[in-house]
Amino acid sequence: MFTKKFMLLCTLALSSCNVMAYSFTQFFNTPHYSVNEVILDEGEILNEATEKNIVNEVRTKAAGSKFQTVTAVFPFGSQGLKGPINQELKGLLTVTNYGQKEDSINFDKKDLHATNVGIFMNGPLLTQLVNNRVISSLIDELSKVPVIFADMELEQNSVDFRGTRFYTFKDRAYVIDAAIIDSLFYSTPQRAAAKSGCRITFMAMPDRVSADAPLFMSVHGAVNSISCEDRAKDSKNKR
């Protein structure tokens with residue numbers, strides 16, 4: 001009887017330890033941004049307890065005044081952020097605070113891949129950073145991390161002399177020139193068919209940046225979403 005109880009206690013203890021057995025790596029880290037990697041242990045599940053532990057660990061290791069931290073949770077055996085963009089994620093934790101009293105926390109767990117990992121930026125946020133005159137101090141940081149440019153309105157779709165496709169996004173506050181290298185979701189002809197006015201979401205790594213007005217960023221990346229519905233509606237309304 002004692003042996004059975006002892007074995008049961010050992011099993012429970014091992015199971016309890018295994019709940020928090022994942023590896024945690026701060027992959028990219030700047031004073032205001034960080035991108036983290038979590039790889040679950042064998043048999044480990046991303047349940048409520050594990051999620052809570054990851055959030056606490058992110059907050060503990062987010063030294064400085066972080067505007068945004070992104071943590072990609074990979075399954076056991078994954079190559080993590082060193083691997084290809086088609087790797088599936090178990091979850092993606094984003095903690096955002098641009099001066100609010102409390103952090104905004106979002107733990108997404110649906111249909112995610114490594115191509116979804118990066119610091120979130122969209123047109124209004126870029127404009128706000130430029131208008132508030134803080135972009136010059138942040139541009140060096142943004143040049144060192146992967147960025148998810150979300151719902152950006154396409155100004156021009158072009159090809160250079162090497163055959164590389166470029167999507168260009170322009171506003172009074174910024175110019176983003178993106179070399180479109182790959183996509184998990186869109187073929188080469190589909191990427192070529194994107195027109196001015198389409199809304200594009202893409203993951204990118206910056207190559208060259210300048211904080212002059214307007215902000216300029218030369219990047220390369222992979223397309224996650226192309227939406228031309230609004231453009232089609234506008235065209236119908238003009239007829």
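Me: In which sense do strand 10 and strand 12 pair, and over how many bridges?

Reply: This is a predicted model, in which local features need pLDDT of at least 70 and side-chain atom pairs count only at pLDDT 80 or more, while totals for chains, interfaces and linings use all residues. Residues are numbered from 1 along each chain as its sequence is written, and side-chain values use heavy atoms, with hydrogens and water left out. Helices (H or I, at least four residues) and strands (E, at least two) are DSSP runs, numbered from the N terminus. Two strands pair if DSSP finds at least two bridges between them. Here strand 10 (residues 174–183) and strand 12 (residues 215–227) pair in the parallel sense, over 9 bridges. Tyr174, for example, has Leu215 in strand 12 as its bridge partner.

Me: What is the order of the strands in the open sheet, and why is one side of strand 6 and of strand 8 left without a neighbour?

Reply: The open sheet has 7 strands in the order 6-7-11-12-10-9-8, with mixed pairing. Strand 6 (119–122) and strand 8 (156–159) stand at the edges and each has a single partner strand, so one side of each lacks a neighbour in the sheet.

Me: Which strands does helix 3 lie across?

Reply: For such packing, contact means heavy atoms within 4.5 Å. Axes are lines fitted to C-alpha atoms, for helices over the stretch in contact, and angles run from 0 to 180 degrees between N-to-C directions. Helix 3 (residues 123–131) lies across strand 6, strand 7 (147–153), strand 10 and strand 12, and runs at about 85 degrees to strand 6. Helix 4 (residues 135–142) also packs on the sheet, where it touches strand 6, strand 7, strand 11 (199–210) and strand 12. The direction of helix 4 makes about 60 degrees with that of strand 12.

Me: How many aromatic pairs are there?

Reply: Rings of Phe, Tyr and Trp (its six-membered ring) pair if their centres lie within 6.5 Å; planes under 30 degrees apart count as stacked, over 60 as edge-to-face and the rest as tilted. The count comes to 5 aromatic pairs. In one of them, the rings of Phe67 and Tyr98 have centres 4.9 Å apart and planes at 25 degrees, so the pair is stacked.

Me: Is Phe67 buried or exposed?

Reply: Buried means under 20% relative accessible area, exposed over 50%, and partly exposed in between (1.4 Å probe, protein chains only). Phe67 is buried at 18%, whereas Tyr98 counts as partly exposed at 25%.
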